[in-house]
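My notes follow the structure.

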Amino acid sequence: MRPVGIVGVAQTRHAERRDDVNYAELAFEVVSDLLARTGWSHDRIDTVITASSDFWDGRTISDMAVQDAAGAAGKSASKVSMDGTFALVYAAARIASGAYRTCLVVAHGKASEGNPRLIANAAFDPIFQRPMGIDDHTALGLQARAFLDRKGLTPEALAEAATQSAAAAAMNANAHRRQAAHVLVADPLHEDEIAPDSDGACAVLLADAETVRGEAVWLDGFGFATDVHGLGDRDLGEPGVLPQVAREAYRRAGVQDPDRELDVVEVHDASSAQTLLWREGLGLSESGGPAWNPSGGAMSAQPGFATGLVRVAEVFGRLARGEGKTGLAHGMTGFVGQAHCAWILRKRARA
Amino acid sequence: MDLHDAAPVLVEGRIRIPYRWPAGRAGGRFLVLLRDEGRLMGLRCSRCRRVFVPPRTRCLSCHVPCEEEVGVGPEGVVVAWTVSRRAPPPAVLALVRLDGADTALLHVLQGVEPTAVRRGLRVRAVLAETRRGHITDLDGFRPL
């Protein structure tokens, strides 16, 4: 495969409500910021992949309404209705194939426009599960309970993990500043142990080795797998397909010992139970090892399908600033981790 | 005129679209048996012998047909639970693995305080008095 490098990234300041813009304007905002940061003009972009959800946007084929805002008019553009980390797989494949030299990935989420709990309910099977009133928060509650039971932990472990994420988020200028109380929402999860519903967007610009010159951040490996769909079809307290996804990413990137070789890890944790569960799934020790979710992870902001791509942007930012050489960015689709994607980013000279 | 200073205009809307969802061959059989005979069933994989409830026509791991019908329940165990506190009264949602099944059914627990629910709690299916071929033909599960 041809190597794929990252030219630059941008993300919005994530917020409770961005009533001042519609979602196309939000995408334009983040793409304009990316072009300004990299000094690129949009005519240098060969192809565009967007990530969005029709239900969240309240519009079918929602990518059609965001493509011109992403600068895709007259270009080949496609969409992934999954997290932005999965869009990155398609984007990287376009460059690795040699068919394109540059590719822009744009993901957005505007939770404030709809009703996130009703939309989540509509993601479940309409015959057996949806009539039970299940949504993302109650699914996360089932998972958190199963996780605590498997590990023999008390709910204090969830509070402690949430406190650590909140402390990290307080240092993150792009974090969604929210008022979350320590009240039960979906036992054993409290409101402040569940990631917020955010408005935000993220953009990542990829290019081939002839375009990305000198020392840069490269996409050195990825893993990607989906699990069974039904909530009762697997043990929700286990990390599911994530260990397999991590092994695949480590193998592709030549990472032997993730605790020692990774400098930074960012995960999409929709609850503080997932903060702990995904750490285990990535094969990392419970303490020590790489900087863990230094942005606050998804607990700092959860703008729909942009959430995982924001993890890529965070890891890129740290590597570009010299805070380490190798990092892992994780994204997920499905509220309790049905599908996982992991990317290994490495700062190094051109291959 | 500075566009950045404009007060936001919000247009209220709602998408209301009727659907007809086939329960499928396996789901349909489950719902008919529940409605007409008050019994619960699953389908067994011909290769790994796992029993799926809700029933599926294909094994989730072997990807071969599941055609052998197996009676399951009406008792089972709670494998995970949560309490939905969005609207009162709180509803206890649980994943219940019925006796004879290998996967768990999502439903509500009746007649139990949230503090009394535990992993492994034995429960029994409660049938609704009038049944119409719907998952709510089960009223839920009660602790034994």
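I started with the area buried between chain B and chain A: about 2600 Å², with carbon and sulfur atoms giving 68%. Buried area here is the accessible area (1.4 Å probe) that two parts lose on being put together, summed over both. The model is predicted: local features need pLDDT of at least 70, side-chain atom pairs count only at pLDDT 80 or more, and totals for chains, interfaces and linings use all residues. Residues are numbered from 1 along each chain as its sequence is written, chains are lettered from A in the order in which they are written, and side-chain values use heavy atoms, without hydrogens and water.

Next I looked up contacts (heavy atoms within 4.5 Å). I found 33 residues of chain B in contact with 30 residues of chain A.

Then I looked for salt bridges (a side-chain nitrogen of Lys or Arg within 4 Å of a carboxyl oxygen of Asp or Glu). There are 3 between chain B and chain A. I noted A:Asp233 with B:Arg56, whose closest N and O atoms are 2.7 Å apart.

Last, I turned to helix packing inside chain A. Helices are DSSP runs (H or I, at least four residues), numbered from the N terminus. Helix H6 (residues 156-170) and helix H9 (residues 272-281) of chain A pack at about 90°, axes 7 Å apart. Axes are lines fitted to C-alpha atoms over the stretch in contact, and angles run from 0 to 180 degrees between N-to-C directions. H6(A) and H9(A) are therefore roughly perpendicular (65 to 115 degrees). On the H6(A) side I listed residues including A:Ala157 and A:Leu158; H9(A) brings, among them, A:Thr275 and A:Leu276.

Definitions and conventions. Helices (H or I, at least four residues) and strands (E, at least two) are DSSP runs, numbered from the N terminus. Angles under 35 degrees count as roughly parallel, over 145 as roughly antiparallel, 65 to 115 as roughly perpendicular and the rest as oblique.
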